[in-house]
Amino acid sequence: MSSQRIPLPREELRTLTQYGQRPPGDAIRLNANEWPDPTPAARYLSEQELERLMLNRYPGPAIELRRILAEQYGVRPEQLSFGNGSNDAILSLFLTFGGHGRTTLLFRPTYELHGRLTVLAGGTVASEMVGLPYRLTKDRALAATERERPAIVVFCTPNNPTGTVIDDDVMLAVAERFPETLILVDEAYSDISGRTLLPVLADHPNLVISKTLSKVHAAAGLRLGILVMHPALAESIRAIQVGFNVSVVSYALAAKIARDEAAVRARVEQVRSERERVFRALARTEGIEVFPSEANFLLFRIGGDTAAAHGRFLDQGLLIRDMTPWKGCEGCLRVSIGTPEENDRFITALATVFAAAPA
Ligand SMILES: Cc1ncc(COP(=O)(O)O)c(C=O)c1O
């Protein structure tokens, strides 16, 4: 069978493996920065509303969701573009403005999917290794952009996996110095940090801000991502996009979830205080360096064998993330903030996982 000839993916895609695979089992999931409490769909759509939701028609322009989000973001409805999760929305952006012969600049360690999406779109990744602790200065960001002359620069703030916020100055300096470069600011966790570039979007036509309902909106399973940008950029994406990438059911649920701002505020409060508790426990653990975070996860460096430590957490019923495969995160693990009970479990497990090896 080995000699069988079958079609192969493009050369640059052949080493990729499936993203986001979850090991089987019922471990507590603190590996994907999801919201830990269940969000039943029935909380947001009544039986009568479902009766009125017609599946025989293709989705329309999501007028209701557009209106709600445009108001919250302080933009016009036509400045929004939706995707089946923000990953999908960002892929559309990269297909439009990146791709063959074009480069995307990343400041690593950062969300590896930005690199993967660049390659999927046919583009090339360039990176500036900021390292840990993750402090990106204006000079460094400008010099790297000058060196690489990328079509796209990505800033992730708060940055996954470090949880660090990037100064507005740094991102805006790059946007201003390179007006023909598209600047993507991934704000997946910005509700938690309370910092956003939305108020200055109108002054920077090359700025695109991505948002998602997957984090403190507690709806990762819904798959609804949003890009906010200058209307001309949104028009360019619409021109290339394969239509109907989000279902009528997702649009209807998303409109209800987006409107529930009180729930988001309460979750942000909870995550901030729980993160503090987990941070202190990690900081007390010998041999661990934990990095301060403004998101719903914490990165910590153990220096040693992260795969083995990851396995010991799994033995304690806890699934966290081994970050060694991410460039610039060697020797690190990342834990998402869970429910208070789940965080207790994690804190208790620390002593066992990092117990000194018997002499
Ligand atoms: C920085 C960042 N952007 C985007 C996403 C993906 O979000 P979505 O579920 O909207 O595709 C994640 C998810 O972990 C993320 O960490």
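Domain bounds here come from an automatic or database domain assignment, and the model to which they are applied is a predicted one.

**Exercise 1.** Work out how the chain is divided into domains and how far apart their C-alpha centres lie.

*Solution.* Begin with the division, in which domain 1 takes in 11–40 + 262–353 while domain 2 covers 57–259. Next, take the C-alpha centres of domain 1 and domain 2, which are 24 Å apart. Finally, turn to the contact itself, to which domain 1 contributes 33 residues and domain 2 contributes 30 residues.

**Exercise 2.** Describe the area buried between domain 1 and domain 2 and the polar pairing across it.

*Solution.* Start with the buried area, which is about 2,700 Å², with 64% of it given by carbon and sulfur atoms. Then count the pairs: there are zero salt bridges between domain 1 and domain 2, whereas eight residue pairs are in polar contact. On the side of domain 1 that touches domain 2, at least two residues come from each of α10 (261–284), β10 (297–301) and β13 (332–336), and α10 supplies the largest share, six residues. Sorted by class, this side of domain 1 holds 17 nonpolar, seven polar and nine charged residues.

**Exercise 3.** Identify the surroundings of the ligand and the polar atoms that approach it.

*Solution.* The ligand is surrounded by 13 residues, the closest being Ser86, Asp186, Tyr189, Thr212 and Ser214. Taking the side chains, a polar atom of Asp186 lies 2.7 Å from a ligand nitrogen atom, and an N or O atom in the side chain of Tyr189 is 2.6 Å from a ligand oxygen atom. Asn87 takes part through its backbone, a polar atom of which is 3.1 Å from an oxygen atom of the ligand.

Terms used: Residues are numbered from 1 along each chain as its sequence is written. This is a predicted model: local features need pLDDT of at least 70, side-chain atom pairs count only at pLDDT 80 or more; totals for chains, interfaces and linings use all residues. Side-chain values use heavy atoms; hydrogens and water are left out. Contact means heavy atoms within 4.5 Å. Buried area is the accessible area (1.4 Å probe) that two parts lose on being put together, summed over both. A salt bridge is a side-chain nitrogen of Lys or Arg within 4 Å of a carboxyl oxygen of Asp or Glu. A polar contact is a pair of N or O atoms within 3.5 Å; within protein, one must be able to donate a hydrogen and the other to accept it, and residues adjacent in sequence count only if both atoms are side-chain atoms. Helices (H or I, at least four residues) and strands (E, at least two) are DSSP runs, numbered from the N terminus. Ala, Val, Leu, Ile, Met, Phe, Trp, Tyr, Cys and Pro count as nonpolar, Asp, Glu, Lys and Arg as charged, and the others, Gly among them, as polar. A residue is near a molecule or strand if one of its heavy atoms lies within 4 Å of it.
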